[in-house]
Amino acid sequence: MTVHPTEGYDDLRAGVAAVCAGFPGSYWRDLDARRAYPEEFVSALMREGWLAAMIPEEYGGSGLKLTAAAVILEEIHRQGCNAAACHAQMYTMGTVLRHGSEAQKQKYLPEIAAGRLRLQAFGVTEPTSGTDTLSLQTIARRDGDSYVINGQKIWTSRAEHSDLMVLLARTTPRDEVASRTEGLSVFLVDLRGLVGKSITIRPIRTMMNHATTEVFFENVRIPADALVGEEGKGFRYILSGMNAERILIAAECIGDAKWFVDKGAAYARERQVFGTPIGKNQGVQFPLARAYAHMMAAEAIVYRAAGLYDAGHNPGVEANAAKMLAADASWEAAEACLQTHGGFGFAEEYDVERKFREARLYQVAPISTNMILCYIAEQVLGLPKSYGRA
Ligand SMILES: Cc1cc2nc3c(=O)[nH]c(=O)nc-3n(C[C@H](O)[C@H](O)[C@H](O)COP(=O)(O)OP(=O)(O)OC[C@H]3O[C@@H](n4cnc5c(N)ncnc54)[C@H](O)[C@@H]3O)c2cc1C
């Protein structure tokens, strides 16, 4: 019987924690103030091979499964660091591994595994379509041995810091396909040589330090062999990758929740008010204890979803539930931690306000809580679909 959902991963955790130890709160505070990318942190993770965890050994990676990748990302967050600067390399990997050609794998994976190439950008969301992915308007038109791409993506995180982008675009106009889910294709776009020419990247400044951007494609010509899998089947490929993404982000939320509870409890033990530690008051203890209990429940579902994924299932319900529960648990823990710190929770030097801002994102991205509830209502409860077109 497994006693803990991530039993057996202690060495992995210790290895990740050792890298994170070189990047304390002061490192992240400085970047946050400058809205700068954590270049040294990402390079260190790549150098140590942590971002190549899911690349099969035959291409130079560690050949680990999603559960291990989830533990790596969870531990990064538990240590107070932020994997948002590089987590896409884990979750976009599944799309390439499952649907990419042997030639694509040979060309890119060894370079990624060696830390010489970055696959950090994932271009799905568009300004006009938002959550309604099937309405996206970026077009890739076949022209001889090439595709020519025109359109715009938004919230394409890390595009400025990535060599490659997994891109979802329409290859057959919507009025020419029987179902809206058809006619979309995935491309592995090599950004090098295109950015600053036919691709324009504009950073978006957000409430936290998150290198996100909008990306404009103007007659971008890419080789036809950049197509991943079959033309027109891209939506299905992206959907299967999204379960991995939800599980991995959920694991980060679990790491955040643990960080907030630890930080809050440590402060509650030390801070003396009215001549006694504030943690002696149940009004201070209970929010932290409740947040911890909710984190444990979410953690169990996150690793159950990861285990199902690793066993070859397509755990849509578990992945969605895990994402929602873990994001809620981290947000509850963030609130409890900030409240425990009183006024000092707002002071930058405690790192709580920064992590608080960072944790808020996961109520919205990569999928908002409402859409998860819609999915469960429809798929599990058999209720009528509440959104979408006929
Ligand atoms: C910092 C950041 C980084 C991101 N990184 C990436 C990235 O790297 N790649 C990428 O492709 N995308 C990325 N995203 C986009 C993210 O996935 C979307 O923001 C998210 O999916 C929500 O889409 P939207 O912002 O267009 O909201 P909208 O679709 O405009 O929705 C707005 C609100 O309305 C609600 N809503 C909409 N329709 C319904 C409905 N039918 N029922 C109930 N509620 C509904 C939503 O839940 C949401 O709260 C990022 C976003 C952010 C903020």
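P366 is placed in the loop between α11 and α12, where helices (H or I, at least four residues) and strands (E, at least two) are DSSP runs numbered from the N terminus. The peptide bond that joins A365 and P366 is cis, with omega at about -5°. The model is a predicted one, in which local features need pLDDT of at least 70 and side-chain atom pairs count only at pLDDT 80 or more, whereas totals for chains, interfaces and linings use all residues. Residues are numbered from 1 along each chain as its sequence is written.

Helix α11 (residues 352-360) has V352, R354, K355, F356, E358 and A359 as its buried residues, a residue being buried if 20 or more other C-beta atoms, placed from the backbone, lie within 10 Å of its own, exposed if 12 or fewer, and partly exposed in between. These buried residues of α11 pack against α2 (25-34), α8 (234-270) and α10 (316-341), contact being taken as C-beta atoms, placed from the backbone, within 7 Å.

Most residues other than glycine have a negative phi. In the loop between α10 and α11, D351 has a positive phi near 70°, and D351 is partly exposed, with 19 other C-beta atoms within 10 Å. R35, in the loop between α2 and α3 (39-47), likewise has a positive phi, near 50°, and is partly exposed, with 13 other C-beta atoms within 10 Å.

Around the ligand there are 22 residues, of which G130, T131, W155, S368 and Y387 come nearest, a residue being near if its C-beta atom, placed from the backbone, lies within 6 Å. The elements giving two or more residues to this shell are β1 (119-123) and α12 (369-379), and α12 gives the most, with three residues.

Note on methods:
Contact = placed C-beta atoms within 7 Å.
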